[in-house]
Amino acid sequence: MKIIPSLVLFALLSGGASAQTVSRMDDLTAEAKAAATDITLTGTLSTTGNSDLRQLRDLCWQLRRADLSKADCPVLPANAFHSRHRLAEILLPANLKRLGSQAFFACDALTTLSLPATLDSIGEAAFSGCAVLQEVTIAGTPVIGAFAFQNCDALRTVRLTSAVPPVADATAFETIDPETCRLVVPEGSEKAYKKAEGWNVFFNKKQKSDGDIVCSPADVLLPIPESVAVDADAKPLRVKCSWRISAAAGLENEAAQAARILGERTGQAVATDKGRNVLTLCLDPSLSDDEAYILSITETGVDIKGRTAAGVFYGLMTLEQLLRADAAALCCDVIPATVVSDAPRTHIRELMVDPARIFVPFEELKAFIPEMARYKFNALHLHLVDDQAWRIEIKKYPELTANASSRVGMDDMQMPISGYYTQAQMKELVAYAATYHVDVVPEIEMPGHEVAAIHCFPQLTCGGKEVPIRTTCGVSDDLLCPGSEFTYEFLGNVFRELAEVFPSPYIHLGGDEAGNPALDCWTNCTDCRALKQRLGITTTDRSENWRLQKYLFDRMIDTLRTKYDKTPMFWYETDFKEIQEGCVTFAWRVGLTDAAVQAAIRNKARIMLCPGEHCYFDYPMARGDMPEVNWGMPVTTLYETYSLDPSWGQGEEFERNNLFGVAGTLWSECINSPERIYYQAYPRAQALSEVGWSRADVRSWEGFLKRLAPTLRDMRRRGVTFSTAF
């Protein structure tokens, strides 16, 4: 059975689109929600759980117009319409009092907006990234939060009815251009608005500064370095002047990154031959670690030394944080004479993105890399295939992307989901990531989570069973057949092409959730029984089926090592009773980390820590945070992420011999827009970056929160979304 091409699916779903007027969202069928482009709600709207607002946001994927003017809804909560890119018109409730933070974040089809007189407050970043918003009418005097209209670059008219300027944060309209955007206020009130904070930007006037913005290095760096020494008696560095860069041979990429950072932050010209301040980049082989660096700031400039180019790059990431300081502005004025000496605790700090469940467009995937690199992550793990889709071009098997990259539905979200990455795109991604010292690690699942491949090639599973692509989360019992030689031929060809595309020394083999009861599918398979006989397995029940999985993995591990010089990785399960020495196993299951750690020690293997109770960033950060409705996800709080101990109580010997690194996972069953990847990742990713980079004796929860505050404020200014549910 072949999946209908996504354009046809789109046409089918769009064909029934119509205007709907109902009291509540539960009055509509699932099909009506998926088809609706124009919805009017007239009842009392729910705002928590599987609420009217959640259904509008996540189930009405074609929604272009929402009329809530007759509805009873005094509060639109945070993220109410977060990243709904099709929404072009919203009529707000007549009794609306509070608009939550990021309520319309990145609604970049919204063109006009009328805020009712009942409104008391507008949350932070409420309309940030509404890139085509042209006209805003504010009928009352709501308190307007920080960055509420950040990056609304098309804004041309802001109209108010109140002669008294509403209280507005100084950054509320920070990025507007007063030459192209006019403020329309009641006659005679212009003078009051001209003097009012937040509104004076419309008159080419900034709030008077109390003096220079001076960086306090110990209060702004994240992850916290090993050592920060400030010389208060020495003359400081004045930042906002001309710069020149001097870089040693082999640091051309780092020089380009430095020029970008200085240009973006200071707004000053950067050259190689002249400039008041000098940024010197050099290599120092005497440093103790490949990622170590020393950053020195004096009155005349900045010196960054690294043992390798990666170390120099991480010094630049620290410099950028010093430049933004407490994020009172894009850039500070003064940095005191400072020496930062730094090196990482763990050497692999990874984030995993899952484009299999819900596809991440290529350019959006690229854009994720610079943000993670800011916090010294150095690996991007791509979960490229699963039961729901196959997302990587394999030239030997074009059927995989032709027939398994498009479907309709992810649980209750009945939307078409399609797309895949060409090998040329992945090579481009690898090269781009390398400029940020990020390694791209591909994952191809086996023996479970392979329904998309089995859908294309039924001979991959026991009995040649034909199965449809999965459109829900959960675990399928349909596994690759270890007794079929076609399985090994298929995987061998896939890994051959992957090895050509991804230069990473690692390839991830999956291996999760193929145990009880799924391994039962091998019990009565003729090919599997024949394999058992060859292996000397005499039992006829499922008790020894784990040995078939071991046989499958051993063959593929040998292929990866001997043919492509790759180190295999896989998710740890108790079914892996033996682990080949030198492999990397991932501790991911809640409550199973102790067993995974002991298995790694016993088998002389390396282990990546990403236990769900600490590192599953697709889980909500608090009850009611996104995702608000799911299949029963627990909560992973910011504190739980920060409390992860990379040594898992095992001590230094374990860290030296077995610990591979730390990873955060972003499974995408409920991540239905690129912006929500960031929302789910941050600020937990920043917590994990400090866990993985910084020594335990230099970090603390209280200190982290203090340093997190300017980090998040800077993200707001740059238009990057994150959760505040902590």
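**Strand pairing in a predicted model**

Within strand β27, Pro 416 is the bridge partner of Val 408. The structure is a predicted model, in which local features require a pLDDT of at least 70 and side-chain atom pairs count only at pLDDT 80 or more, while totals for chains, interfaces and linings use all residues. Residues are numbered from 1 along each chain as its sequence is written, and side-chain values use heavy atoms, with hydrogens and water left out.

Strands, which are DSSP runs of E with at least two residues, numbered from the N terminus, are said to pair if DSSP finds at least two bridges between them. Strand β26 (residues 406-410) and β27 run antiparallel and are joined by 4 bridges. In the hairpin that these two strands form, 2 residues lie between the strands, and Asp 411 takes a positive phi near 60°. Strand β27 (residues 413-418) has a covered face with Met 413, Met 415 and Ile 417, whereas Gln 414, Pro 416 and Ser 418 belong to the uncovered face. In a regular strand the side chains alternate between the two faces of the sheet.

A further open sheet consists of 4 strands in the order β1-β2-β3-β5, with parallel pairing. Because β1 (19-22) and β5 (89-91) stand at the edges and each has a single partner strand, one side of each is left without a neighbour in the sheet. Within this sheet, strand β2 (residues 38-41) is joined to strand β3 (residues 65-67) by 3 bridges, and the two run parallel; Thr 40 stands opposite Asp 67 in β3.

Notes. Buried < 20%, exposed > 50% of the residue type's maximum accessible area, 1.4 Å probe, protein only.
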